[in-house]
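Here are some notes for a colleague who has not seen this structure before. Please read them with the model open.

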Amino acid sequence: MNQAATAPVSADSQGKMPRQIAFIIGNEAAERFSFYGMRNILTAFLVGTLLMASTGDLAERERMAKDVFHTFMIGTYFFPLLGGWLADRYFGKYNTVIWFSLVYCAGHACLAMFEHNQTGFFTGLFLIAFGAGGIKPLVVSFCGDQFDQSNKHKAKLVFDAFYWTINFGSLFASLLMPIFLREYGPSVAFGIPGALMFLATLIFWLGRKRYVMVPPTRSAPDPDSFFNVARTALRSKVAGQGNPGVAVAAVGVALAAGALALIPSLGFVKSACMALGLLIGFGGYGISLQLERARGRHPDAAVDGVRAVLRILIVFAFVTPFWSLFDQKASTWVLQGQRMVVPTELWWWPSWLISGEGGAKAAASQMQAINPLLVMLLIPFNNLVLYPALRKIGINPTPLRRMGFGIAVSGLSWIVAASIQLYMDAGHPMSLAWQILPYVLLTFGEVLVSATALEFAYSQSPQSMKGVIMALWYLTSTFGNLWVMLTNAAVRNEAVTSHIAATGLSENAFLMFFFAGFAFVAAAAFALYARSYPMQDHYRSA
């Protein structure tokens, strides 16, 4: 399809909601149910199958399942870099979404067909990570492309609907898919998300003649892009001055090469992510040391934009521990819940959801439904009740304050989870209902961190740098999952396991307290940096 083409706009449609939005929202609803339906049963399936190894050691199988899950999440949040680049530079958003969606569908088909074949199943996971990651940065921005100056005030309603749809799909996927896994087996449980992803692709395709298409920029590269400004800063030489930025960046390259050399022991994913993190960290600091050298060769606005991105990068770095805690609700917390007692005697407990053999394991996965349900409740509560109340007593809930407090609250949720684990380790039966408390705290932290971070990043980055910021935001989840995988690798070391044993804690309890401490340290560092952060306002003028 010609990417320069636009959908016809009649005079009577000016200022109204674009009709094609219904196709995009429908696509998002089906795709999110598909993704969360598959993701939320993945850990339980991997632990309960002989797919990974024939070992009967449950603890080892659980560690392997967590490695697979978090490797999958790393890929899902890494491939947005590729999808966004291909769409912006070569194929446009519509074509890129369609082709990545077909790969996505193929991945689901592999999961349904190869439940007993490791190569086929893991190929399916790779294809889903590739497809889901590839379309992740595109559908929302493609939705924004459908609006113009006459109806831009309608866009907020659609973006709110997007967030609601994501959590609506996650809610029902979390409740229903563990039941299908328990009652009908993996082929059906993984096949249903596949069918929904095919439906999502079909819905998106049906709106093809109505969409407004923004052309890719292959024929019009930006000479003042982030990467061009950064390259100029590092390459520029000033008489009488050294090149400290180049030296720092070179150290990053050397350390990244060292990380890649660890592939035989750590594996490709962990080593490659470590290398990427070192390149971003040292490269960013090196650029900041010589950034002023780019002035005169690039407009001041472009140089200031790069500076803004580098500052936001530090904020994002402090957020990565949050994702270490958040994404483990679908792995570590599910495994903990499987050892807890389902409180069927409680009058308010939905016992009909967990009846039958294997109900306890299904209930542990279904607990994840608390998260999207609370998100849909907490966002309006915070905006309409909590934040106005705080302002009345003289506390301004700025974006940075909300994010820092959210990281700390997520750490508190893991203190509660660790306390539950200690009680269980002492031999006491523990009701699954107690997991509601850490889920509530973690979700409150999510709303403060995740829902705030995009607003913060958008306001702080100039228009020309917003694409870079979105790519970096998705990488925070990649690195959060990397910390989990490195920790899981560390506990396979005899020295580490001996140290854990010396504390008198079980491995599970120790790691829960460790991740809680990780979040508290990150929250403290975040608060210190936030005190000196120079807030900007880069919203587009009316």
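How many helices and how many strands does the secondary structure of the chain come to?

1. The model is predicted. Its chain has 20 helices and zero strands.

2. Of the 542 residues in the chain, 52% are buried. The accessible surface comes to about 23,900 Å², and carbon and sulfur atoms hold 67% of that area. Among contacts with a separation of 6 or more, 82% are between residues 24 or more positions apart.

3. Helix α3 spans residues 80-113 and helix α7 spans residues 186-206; they pack with axes 8 Å apart, at an angle of about 165°. Angles over 145 degrees count as roughly antiparallel, so α3 and α7 are roughly antiparallel to each other. The crossing of α3 past α7 is left-handed.

4. The residues that meet between these helices include Tyr 94, Val 97, Ile 98 and Leu 102 in α3, and Phe 190, Pro 193, Met 197 and Phe 198 in α7. Sorted by class, the contact of α3 with α7 has 14 nonpolar residues, six polar and no charged ones.

5. Is Phe 316 buried or exposed? This residue lies in helix α12, residues 300-326. Phe 316 has a relative accessibility of 2%, so it counts as buried, the cut-off being under 20%.

6. Which residues does Phe 316 touch, leaving out those up to four places away in sequence? They are Ala 457, Ile 469, Leu 472, Trp 473 and Thr 476. Phe 316 and Ala 453 are 137 residues apart in sequence, yet their C-alpha atoms are 8.5 Å apart in space.

Note on methods. Residues numbered from 1 in each chain as written. Predicted model: local features only at pLDDT ≥ 70, side-chain atom pairs only at ≥ 80, totals over all residues. Heavy atoms only, no water. Helix = DSSP H or I, 4+ residues; strand = E, 2+ residues; numbered from the N terminus. Buried < 20%, exposed > 50% of the residue type's maximum accessible area, 1.4 Å probe, protein only. Contact = heavy atoms within 4.5 Å. Areas by Shrake-Rupley, 256 points an atom, 1.4 Å probe, with all protein chains shown as cover. Axes fitted to C-alpha atoms, helices over the stretch in contact; angles between N-to-C directions. Parallel < 35°, antiparallel > 145°, perpendicular 65-115°, else oblique. Left-handed = near helix turned anticlockwise from the far one by under 90°. Nonpolar A, V, L, I, M, F, W, Y, C, P; charged D, E, K, R; others polar.
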